[in-house]
Amino acid sequence: MNAKDWWECFTKTGRIGDYLHYACTCEEENRGISASDKEAVTGGNTGESDRSRSVGHADWGL
């Protein structure tokens, strides 16, 4: 689903999970990352770890 679909779902249900789906989809759309691109890169694994170190923004620092 795209961000608009998730927003409509959130306005109907009011569930936090639907809002988070909306927010993540917006961010991915703004960064130009489609769901199929994300799955191709992660191999379908949407976890936040690559087993040896945390995966995230390089500029976050410690």
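Q: What is the relative accessible area of N2?
A: N2 counts as partly exposed, the class between buried (under 20% relative accessible area) and exposed (over 50%), with a 1.4 Å probe and protein chains only. The model is predicted: local features need pLDDT of at least 70, side-chain atom pairs count only at pLDDT 80 or more, and totals for chains, interfaces and linings use all residues. Residues are numbered from 1 along each chain as its sequence is written, and side-chain values use heavy atoms, with hydrogens and water left out. For N2 the relative accessible area is 34%.

Q: Which residues does N2 contact, leaving aside neighbours within four places in sequence?
A: N2 sits in the segment before helix 1. Helices (H or I, at least four residues) and strands (E, at least two) are DSSP runs, numbered from the N terminus. N2 and H21 are 19 residues apart in sequence, with 9.4 Å from C-alpha to C-alpha. Contact means heavy atoms within 4.5 Å, and N2 has it with T25 and E29.

Q: Is T25 buried or exposed?
A: T25 belongs to helix 2. Leaving aside neighbours within four places in sequence, T25 touches M1, N2, A3 and W6. Its relative accessible area is 11%, so T25 is buried.

Q: What order do the elements of the protein chain follow from the N terminus on?
A: The chain has 62 residues, and buried ones make up 10% of them. Its secondary structure comes to three helices and zero strands. From the N terminus on, the order is α-α-α.

Q: At roughly what angle do the axes of helix 1 and helix 2 cross?
A: Two packed helices are described by the angle between their axes and the distance between the axes. Axes here are lines fitted to C-alpha atoms, for helices over the stretch in contact, and angles run from 0 to 180 degrees between N-to-C directions. The axes of helix 1 and helix 2 (residues 16-30) come within 8 Å. They cross at roughly 165°.

Q: Which relative direction does that give helix 1 and helix 2?
A: Angles under 35 degrees count as roughly parallel, over 145 as roughly antiparallel, 65 to 115 as roughly perpendicular and the rest as oblique. The crossing angle is roughly 165°. That makes the two helices roughly antiparallel.

Q: Is the crossing of helix 1 and helix 2 left-handed or right-handed?
A: A crossing is left-handed if the near helix is turned anticlockwise from the far one by less than a right angle, and right-handed if clockwise. For helix 1 and helix 2 the crossing is left-handed.

Q: Which residues of helix 2 meet helix 1?
A: Helix 1 brings A3, W6, W7, C9, F10 and T13 to the contact.
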